[in-house]
Amino acid sequence: QISGANVLWLTFINPQLMPAVPPAMARLAQCKGQPGCPNVTTPVIFSIGGEAYSNKQWPWLASQSAAESMAAEVAQWDTKYGADGIDLDIETPAGNSGGNNLIAFA
């Protein structure tokens with residue numbers, strides 16, 4: 001049970017540019033505890049997609065192998081960039097036609 005206010009940094013990543021993570025977002029996750037950065041106990045969550053980035057299908061949802069390959073990249077974000085978690089914010093139309101591939105990614 002968590003008591004008190006829950007605070008986190010949620011950073012949105014453009015799926016069209018993945019597996020790259022914008023440098024500012026990576027620095028935010030890696031500099032926790034330093035001046036101007038989140039507290040060491042504040043989770044930094046990388047969110048894939050969101051309404052602004054879901055206006056067309058993402059290339060890595062075009063096939064099961066592409067989705068699985070991208071999933072393998074994203075699985076390294078915790079050690080590579082310091083992300084505390086991943087949020088999948090897949091909205092239409094990005095998620096409309098890649099149903100089975102989306103399952104392969106997740």
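Good morning. Both Trp58 and Trp60 are buried, where buried means under 20% relative accessible area, exposed means over 50%, and partly exposed lies in between, with a 1.4 Å probe and protein chains only. Before I continue with these two residues, a word on the model. It is a predicted model, in which local features need pLDDT of at least 70 and side-chain atom pairs count only at pLDDT 80 or more, while totals for chains, interfaces and linings use all residues. Residues are numbered from 1 along each chain as its sequence is written, and side-chain values use heavy atoms, with hydrogens and water left out.

The term pLDDT denotes the predictor's confidence in each residue, from 0 to 100. The protein averages 85, and 91% of the residues score at least 70. Helices (H or I, at least four residues) and strands (E, at least two) are DSSP runs numbered from the N terminus. Where pLDDT is low, the predicted coordinates should not be read in detail.

I return to the aromatic residues. Rings of Phe, Tyr and Trp (for Trp, the six-membered ring) pair if their centres lie within 6.5 Å; planes under 30 degrees apart count as stacked, over 60 as edge-to-face, and the rest as tilted. By this rule there are 5 aromatic pairs. One of them is the tilted pair of Trp58 and Trp60, with 5.4 Å from centre to centre and 35° between the planes. Phe46, Trp77 and Tyr81 form one aromatic cluster.

Next, the surroundings of Lys32. This residue is found in the loop between helix 1 (23–30) and strand 2 (44–49). Which residue forms a salt bridge with Lys32? The partner is Asp84, with the closest N and O atoms 2.6 Å apart. The pair links distant parts of the chain, 52 residues apart, since Asp84 sits in the loop between helix 3 (77–81) and strand 3 (85–89). A salt bridge here is a side-chain nitrogen of Lys or Arg within 4 Å of a carboxyl oxygen of Asp or Glu, and the count comes to 1. Asp84 counts as partly exposed because its relative accessibility is 41%. The side chain of Lys32 also has a polar atom 3.0 Å from the backbone oxygen of Thr42. With contact meaning heavy atoms within 4.5 Å, and leaving aside neighbours within four places in sequence, the residues in contact with Lys32 include Cys37, Pro38 and Val44.

Cys37 brings us to the disulfide. A search of the whole structure finds 1, a disulfide being a pair of cysteine sulfur atoms within 2.5 Å. This one joins Cys31 to Cys37, with S to S at 1.9 Å. The torsion about the S-S bond is about -115°, so the disulfide is left-handed. Cys31 counts as buried because its relative accessibility is 12%, whereas Cys37, at 22%, is partly exposed.

Two further features remain. Most peptide bonds are trans. A cis peptide bond joins Met18 and Pro19, with omega about 15°; Pro19 lies in the loop between strand 1 and helix 1. Finally, Asn100 lies in helix 4, residues 99–105, and counts as exposed because its relative accessibility is 65%. The C-alpha atoms of Asn100 and Gln64 are separated by 7.5 Å, although the two residues are 36 apart along the chain. Thank you.

Notes:
A polar contact is a pair of N or O atoms within 3.5 Å; within protein, one must be able to donate a hydrogen and the other to accept it, and residues adjacent in sequence count only if both atoms are side-chain atoms.
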